[in-house]
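Subject: Structure handover: pockets, cavities and the ligand

Hi there,

Here is the structure I promised to pass on to you. My notes on its pockets, its cavities and the ligand follow below.

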Amino acid sequence: MSDISLLPQVREFLQREHAHFIDGRYCTSASAQRIAIINPANGEAIAQVAAADTADVEAAVGAAHRAFTGSWAATSPYQRGVILNRFADLIEANGEELAQLETLCSGKSIHLSRMFEVGQSAVFLRYYAGWATKINGETMTPSLPSMAGEQYTAFTRREPVGVVAGIVPWNFSVMIGVWKIAAALVTGCTLVLKPSEFTPLTLLRLAELALEAGVPAGALNVLNGNGEVGAQLIAHPQVAKVSFTGSVPTGLKVGQAAMAANLTRVTLELGGKNAAALLPDFDLPGAVAGLIQTGYVHQGQVCAAPERIYVPRARLEEVAQAFSDALRGAPIGSPLDESVQFGPLANKPQLDKMLGFFATAHEQGRIVCGGNALACPGYFVEPTVVIANSAEDSLLHEETFGPILTLLGYDDISKLPGLINDSPFGLTASIWSNDLSSALRLIPQLEAGTVYVNMHTFLDPAVPFGGIKASGTGREFGSAFIDDYTELKSVMIRY
Ligand code: NDP
């Protein structure tokens with residue numbers, strides 16, 4: 001098979017001079033610093049983007065603040081919902097263009113770009129749009145003593161916090177960007193997004209579509225550049241909240257910088273070293289298929305994906321063989337080729353990191369399959385399965401954020417919580433079993449923001465998502481996001 005043809009509008013978009021989207025306009029930048037956007041499938045530059053300087057940061061936050069107190073504040077909740085639904089329609093209508101651009105920057109297979117970056121982004125946007133008319137406070141009756149017949153009533157209001165700085169990683173730039181856009185706009189906040197320097201293009205295009213959908217100028221701005229631009233945004237006195245998705249080390253810096261800036265609110269969605277526990281009755285074909293589907297999606301570069309698998313010791317070799325049989329010969333190649341299952345890693349630092357983990361795997365464990373980079377241009381590696389020697393092996397503790405699953409045999413189900421919780425992270429975990437009683441007893445013992453049974457990784461807008469321990473603080477989705485984007489104001493009235 002061969003690559004799909006790029007749309008003319010994708011070719012045209014790549015030719016543009018890229019910088020930022022500020023106050024309703026695609027704009028250039030006076031900054032001399034340019035960042036090359038590399039296609040990870042061949043290592044070639046496809047475009048350049050200017051990095052923001054302090055004047056750009058000032059302009060973007062200023063525009064967001066004016067919209068927060070002006071045009072967006074004047075938009076009714078109903079109208080906000082209508083606009084977000086129209087935005088979802090435009091994402092779908094321009095879906096192939098967005099999908100191709102995202103695949104060119106991130107190496108994500110074109111199927112995944114279509115399904116998640118486009119399809120799921122629209123699903124999440126419509127879910128959030130439904131909240132627009134349902135964000136309310138409560139009424140309560142105070143118990144204050146009445147001395148002369150006076151009475152009291154009280155109510156709470158949910159008020160938007162203000163300008164949100166949304167800092168987005170490279171793995172799902174459109175979808176994670178949309179989560180931040182939707183949560184901010186539907187609560188009445190405005191925002192400045194800072195994409196990863198590796199994947200800046202699709203969020204620029206998305207901002208144009210938001211404007212076309214009716215999001216007023218200034219309510220959504222996109223600033224490009226490296227981490228320093230994110231740091232400047234966090235320090236800005238008019239930024240009221242930071243919503244960050246990324247790695248634990250950067251998240252720690254972001255959290256501390258936000259507190260130091262102005263006790264600025266911060267939500268951190270960070271990494272994970274997510275465990276899957278196969279209980280003694282597990283269904284071998286179902287578990288292996290499910291863990292391959294979720295462990296290697298986008299080459300494992302998914303924060304919620306399983307990375308360490310605990311297997312009843314007596315069945316360890318059988319499970320390893322099943323993984324190996326399923327993965328050997330799986331097509332690896334261009335992410336624009338619709339017949340390909342595994343594309344490249346998203347960028348060169350990821351490739352270097354994975355080569356380091358392969359070296360560790362050779363030293364610490366037994367490689368069942370994979371463990372090599374491909375001898376071709378681009379950042380391709382084989383999907384890899386390793387059997388660890390012991391529970392202390394670093395491959396069971398360090399987040400690889402790549403296509404490496406590590407298996408460990410266990411002897412006693414009562415030891416599973418200890419093995420799984422022996423991690424600084426707590427994002428997701430999964431239990432594979434039809435023994436409902438054992439699964440239900442295990443769930444409360446696992447330190448994770450989400451526990452799946454007979455599935456892993458899937459995110460749904462109705463189900464809150466976020467981490468515990470070093471995997472972060474705050475929740476997205478469901479109704480849980482409302483707390484993070486609004487202040488609760490109490491009003492008491494004597495009459
Ligand atoms: P990073 O933490 O390196 O970067 C995330 C974002 O922060 C990027 O836009 C980056 O810019 C920016 N940034 C870097 N330094 C600073 C700083 N000092 N202040 C403010 N912003 C800064 O993560 P990656 O992009 O490498 O993403 C991979 C990581 O994200 C993985 O560890 C993964 O687990 C985690 N992740 C978590 C998710 C979750 O929901 N829990 C979802 C997806 C990913 P630049 O790239 O330009 O340096």
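Helix 8, strand 10, helix 9 and helix 12 (348-364) are the elements that each bring at least two residues to the lining of the largest pocket. Helix 9 has the largest share of that lining, with six residues. Please keep in mind that this is a predicted model.

The largest pocket holds about 820 Å³ of space. Its lining counts 35 residues, and those closest to the centre are Trp170, Phe244, Gly246, Ser247 and Thr250. Sorted by class, the lining of the largest pocket has 17 nonpolar, 12 polar and six charged residues.

Now to the ligand. Which pocket does the ligand sit in? The ligand is found in the largest pocket. There are 30 residues around the ligand, and Lys194, Glu197, Ser247, Leu270 and Glu399 come nearest.

- Glutamate 197: an N or O atom of its side chain is 2.6 Å from an oxygen atom of the ligand.
- Threonine 250: an N or O atom of its side chain is 3.0 Å from an oxygen atom of the ligand.
- Serine 196: a polar atom of its side chain lies 3.2 Å from an oxygen atom of the ligand.

On its own, the ligand has 900 Å² of accessible area, and the protein covers 88% of it.

Three elements each give at least two residues to the shell around the ligand: helix 8 (227-235), strand 10 (239-245) and helix 9 (248-262). Which of the elements gives the most to this shell? That is helix 8, with four residues, whereas helix 9 has the largest share in the lining of the pocket. By class, the shell around the ligand is made up of 15 nonpolar, 11 polar and four charged residues.

Of its 32 lining residues, Leu112, Phe116, Phe172, Gln293 and Val297 are the closest to the centre. Helix 5 (110-131), helix 6 (173-187) and helix 10 (284-295) are the elements that give two or more residues to this lining. Helix 5 supplies the largest share, six residues. The lining of the second largest pocket divides into 19 nonpolar, 11 polar and two charged residues.

Last, the cavities. How many cavities of 30 Å³ or more are there? The count comes to two.

The largest cavity contains about 70 Å³ of space. It has 15 lining residues, and Arg308, Phe425, Gly426, Thr428 and Glu447 lie nearest its centre. Strand 12 (274-278), helix 13 (416-421) and strand 17 (428-432) each give two or more residues to this lining. By class, the lining of the largest cavity has six nonpolar, five polar and four charged residues.

The second largest cavity has about 40 Å³ of volume. Its lining is formed by Arg308, Tyr310, Ala391, Leu396, His397, Leu419 and Asp422; by class, these are four nonpolar, one polar and two charged residues. Arg308 belongs to the lining of the largest cavity and also to the lining of the second largest cavity.

Best wishes, and happy modelling!

How values were computed:
Residues numbered from 1 in each chain as written. Predicted model: local features only at pLDDT ≥ 70, side-chain atom pairs only at ≥ 80, totals over all residues. Heavy atoms only, no water. Near = heavy atom within 4 Å. Polar contact = N/O pair within 3.5 Å; in protein donor to acceptor, adjacent residues only side chain to side chain. Areas by Shrake-Rupley, 256 points an atom, 1.4 Å probe, with all protein chains shown as cover. 1 Å grid on protein atoms, 1.4 Å probe; cavity = no way out; pocket = protein on both sides within 12 Å on 5 of 7 lines; lining within 4 Å. Sits in = over half its atoms within 2 Å of the grid points. Nonpolar A, V, L, I, M, F, W, Y, C, P; charged D, E, K, R; others polar. Points joined across faces, edges and corners; volume = space filled by probe spheres on them.
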